[in-house]
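Here's a quick tour of one protein chain.

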Amino acid sequence: MGYTKETYQEAARILRERREKAERTAEVHRAEVKVKCPQLIVIEQEMASTGLRAIKTVGAGKSAKETIEKLAKYNLELQAQRKQLLLDNGYPENYLRPNYACPICEDKGIDKDGNPCVCYQKLLKETAYALLAKQTPLRLCGFDDFSLSQYPNTPDANGNIPREEMEGILAFCKGYAKNFTPNSGSLFLYGKTGLGKTHLSLAIAAEVIKRGYGVVYGSAQNLLSKLEKERFGKAQDEDTESLLLDCDLLILDDLGTEFATGFTAAEIYNIVNTRDLQKKPTIINTNLNFREFTAKYSDRVTSRILGSYTVLHFLGNDMRIQLRED
């Protein structure tokens with residue numbers, strides 16, 4: 001997966017802050033111990049001295065096996081003394097060492113073999129999602145604040161009772177989020193504006209993120225505009241397309257509001273088709289009805305979506321208008 005320059009910079013900043021915090025804390029501990037138990041500092045200085053003597057012995061080119069073995073044994077004895085003194089004075093045995101968030105790379109991002117550490121790879125992924133969706137109001141939308149009372153409890157022109165239909169959709173979305181895996185099915189949410197499609201999509205996203213999965217959310221218009229800038233050289237250091245294709249869950253909000261061009265049509269098909277072939281779940285929201293949707297998009301797009309996605313039809317009146325009137 002490709003990452004933006006901003007992603008690498010932000011991940012590096014986070015690693016640096018983690019490392020500096022751990023080392024500052026270790027220095028505070030050392031100053032504390034120096035006052036309470038100065039013998040510990042003497043032992044640490046002696047340990048450093050044995051290490052220096054070992055290096056000099058090897059550098060001198062002498063037959064140093066016996067000397068090195070003696071210094072190693074002495075160093076182990078000093079370590080045991082340090083451990084016991086710490087315990088005797090009420091400190092954990094690692095009190096003087098920096099408590100790095102990642103013991104493998106010590107918050108440097110590179111493991112002992114010179115490869116990107118697993119913690120760094122995880123951080124890059126988390127940072128990329130966070131930066132791409134930083135304008136998303138995830139905190140404002142949850143299942144608990146989705147009110148069914150705003151939906152009519154009387155039959156509409158087709159004989160459907162919106163509140164009952166939406167109660168079923170709410171229960172379905174809760175179950176989808178609770179049982180989500182990277183192999184879950186895709187959802188197609190459609191209905192008039194203001195019926196809660198974005199709200200429930202964000203509620204799903206919030207729960208899925210809490211469970212540790214990577215979610216990319218964005219309006220179709222914004223994401224496609226970003227892809228176009230990258231494709232035609234205005235943001236060459238970014239790779240949003242990889243994020244859209246590789247994330248655990250992709251949410252395309254307001255599909256149908258984007259400006260229709262050959263580029264957007266090709267990108268929408270690429271995203272839908274690639275994720276469908278890879279069995280990666282996608283949630284698509286649109287204010288278009290079936291007739292409008294099939295008229296706007298090609299058969300190969302609509303057949304993919306309407307043929308393999310679970311379709312949820314949102315009914316009722318625009319909740320935003322009702323809330324303003326109440």
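This is a predicted model: local features need pLDDT of at least 70, side-chain atom pairs count only at pLDDT 80 or more; totals for chains, interfaces and linings use all residues.

Residues are numbered from 1 along each chain as its sequence is written, and side-chain values use heavy atoms, with hydrogens and water left out.

**The big picture**

- The protein has twelve helices and five strands; these are DSSP runs numbered from the N terminus, with helices being H or I of at least four residues and strands E of at least two.
- Of the 326 residues in the protein, 41% are buried (buried means under 20% relative accessible area, exposed over 50%, and partly exposed in between, with a 1.4 Å probe and protein chains only).
- The accessible surface comes to about 18,500 Å², and 51% of that belongs to carbon and sulfur atoms (areas come from the Shrake-Rupley method with a 1.4 Å probe, and for residues only the protein chains shown count as cover).
- If you take contacts between residues at least 6 apart in sequence, 77% join residues at least 24 apart (contact means heavy atoms within 4.5 Å).

**Helix α5**

- Helix α5 runs over residues 162-178, and its 17 residues should span 24 Å at 1.5 Å a residue, which agrees with the 24 Å between its end C-alpha atoms (the expected span is 1.5 Å times one less than the number of residues).
- Which residues of α5 are buried? They are Pro 162, Met 166, Ile 169, Leu 170, Cys 173, Tyr 176 and Ala 177.
- What covers the buried residues of α5 includes β1 (187-190), α6 (197-210), β3 (249-253), β4 (282-286) and β5 (310-313).

**Nonpolar cores**

- Nonpolar side chains tend to be buried together in soluble globular proteins.
- The largest nonpolar core here has 28 residues, and those with the most contacts inside it are Phe 143, Leu 200, Ile 204, Leu 249, Ile 283 and Phe 314 (a nonpolar core is a set of buried Ala, Val, Leu, Ile, Met, Phe, Trp, Tyr and Cys residues joined through side-chain atoms within 4.5 Å).
- At least two residues of this core come from each of α5, β1, α6, β2 (215-219) and β3.
- Apart from this core lies another, of 27 residues, among them Ala 128, Val 216, Leu 244 and Tyr 297.

**Salt bridges**

- There are nine salt bridges (a side-chain nitrogen of Lys or Arg within 4 Å of a carboxyl oxygen of Asp or Glu).
- Asp 248 pairs with Lys 125, with the closest N and O atoms 3.7 Å apart. The partners are 123 residues apart, Asp 248 in the loop between α8 (240-246) and β3, and Lys 125 in helix α4 (residues 118-132).
- Is Asp 248 buried or exposed? Asp 248 is buried, with a relative accessible area of 12%, while Lys 125 is partly exposed at 30%.
- Arg 304 forms a salt bridge with Asp 276, with the closest N and O atoms 3.0 Å apart. Arg 304 is in helix α11 (residues 299-308) and Asp 276 in helix α9 (residues 262-277), so this pair ties together parts 28 residues apart in sequence.
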